[in-house]
Amino acid sequence: MNPLDDNSVRTALKDSDYGRVIRMIENGAFNEAAILTPAYSRVIDDILGEQDARLAAGTSLAVCIIRTTKLLEDVANRDDLDEDVKKLAVLHLQKRIRQFALHLLPLGFVDIANRAVKNVEGSDNEEPRPIRPLRRKTAIIDRTRTASCRRCGREGHQFRKCPDYVCCICDELGPDHLSIYCPRLNGRIVLQEFRDDEKFFEALIDWEHNHKTLADLELRYPAELSPVPETPASFTPSTSLTPLPPTPTMEDPR
């Protein structure tokens, strides 16, 4: 028997952190309801857009993860979709959540990943090693070649400046209007750029393809919108109610 069991300090429930845990749970439910309510969600985006990017970026990504998780639940619970269609939609939403979560990792996490890979490679462990990304030297060599557009194949401009580009959201034609920055998204972040232009172009094409596929599915399989979450009620401290005096009646003595 552990001697610490007899001499351990006992804390009363009222003196513990139980109340703080309950408040955190209640606040979490309140925050989730506000994020998933369209009217409040738009105001939340506006407030975050005015805050410091270093602090608001992580919060904005967490909000996007909560919204996408709700979309994933709605798709998984729909009975009017074919299994192949549902699988495609679920995979797309899972990939979006994974991308959001990856952007939440600190910039120094790549050092931790490199240390883990080196430790595994230096040991006798036969576990399968992760596929290492292309080194930056390859990208530098590619940039020295003749620039050609990945979208139309012509030289003299990059795919961001392609005059034949058509936005998959508003069908606007012309350069400097990537679909992920379309004004109809109302500032919602759907894909973040990264340094490697080739990988970013592939991610952009993949997102546009998935967006068109989901839009076609909504036209082919229209369904009612999921019920709007209950409007969160603001927290107010409880007040004690004093009973009112009895109302005199006709039978009371004067």
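The side chains of R20 and D17 meet in a salt bridge, with N and O 3.5 Å apart. A salt bridge here is a side-chain nitrogen of Lys or Arg within 4 Å of a carboxyl oxygen of Asp or Glu. The structure holds 6 salt bridges.

This is a predicted model: local features need pLDDT of at least 70, side-chain atom pairs count only at pLDDT 80 or more, and totals for chains, interfaces and linings use all residues. Residues are numbered from 1 along each chain as its sequence is written, and side-chain values use heavy atoms, with hydrogens and water left out.

**Overall make-up**

- The protein chain has 8 helices and 0 strands.
- Helices (H or I, at least four residues) and strands (E, at least two) are DSSP runs, numbered from the N terminus.
- Read from the N terminus, the order of elements is α-α-α-α-α-α-α-α.
- The protein chain has 254 residues, and 22% of them count as buried.
- Buried means under 20% relative accessible area, exposed means over 50%, and partly exposed is in between (1.4 Å probe, protein chains only).

**Salt bridges and their exposure**

- R20 is partly exposed, at a relative accessible area of 42%.
- Its partner in the salt bridge, D17, is partly exposed too, at 47% relative accessibility.
- D52 and R54 also join their side chains in a salt bridge, at 2.9 Å from N to O.
- In this pair, D52 counts as partly exposed at 35% relative accessibility, whereas R54 counts as exposed at 74%.
- D80 forms a salt bridge with R78, and the closest N and O atoms are 2.9 Å apart.
- D80 has 33% relative accessibility, so D80 counts as partly exposed.
- R78 is partly exposed as well, with a relative accessible area of 23%.

**Packing of α4 and α5**

- Two packed helices are described by the angle between their axes and the distance between the axes.
- Helix α4 covers residues 53–76 and helix α5 covers residues 83–104; the two pack at an angle of about 165°, with their axes 9 Å apart.
- Axes are lines fitted to C-alpha atoms, for helices over the stretch in contact, and angles run from 0 to 180 degrees between N-to-C directions.
- α4 and α5 are therefore roughly antiparallel to each other.
- The cut-offs are under 35 degrees for roughly parallel, over 145 for roughly antiparallel and 65 to 115 for roughly perpendicular, with the rest oblique.
- The crossing of α4 past α5 is left-handed.
- Left-handed means that the near helix is turned anticlockwise from the far one by less than a right angle; clockwise gives right-handed.

**Nonpolar surface patch**

- L102, L105, F109 and I112 make a nonpolar surface patch of about 350 Å².
- Patches are made of residues with over 30% relative accessible area and no salt bridge: like charges are joined within 9 Å, nonpolar side chains (Val, Leu, Ile, Met, Phe, Trp, Tyr) within 5 Å.
- Accessible areas come from the Shrake-Rupley method with a 1.4 Å probe; for residues, only the protein chains shown count as cover.
- L102 sits in helix α5 and is partly exposed, with a relative accessible area of 47%.
- L102 and L61 are 41 residues apart along the chain, and their C-alpha atoms are separated by 9.9 Å.
- I112 belongs to helix α6, residues 109–121.
- I112 is partly exposed, at a relative accessible area of 49%.

**Loop between α7 and α8**

- D171 lies in the loop between α7 (136–143) and α8 (197–220).
- D171 is exposed, with a relative accessible area of 58%.
- From D171 to C182 is 11 residues along the chain and 9.9 Å between C-alpha atoms.
- R160 also lies in the loop between α7 and α8, and counts as partly exposed at 23% relative accessibility.
- R160 and L178 are 18 residues apart in sequence, with 7.0 Å between their C-alpha atoms.
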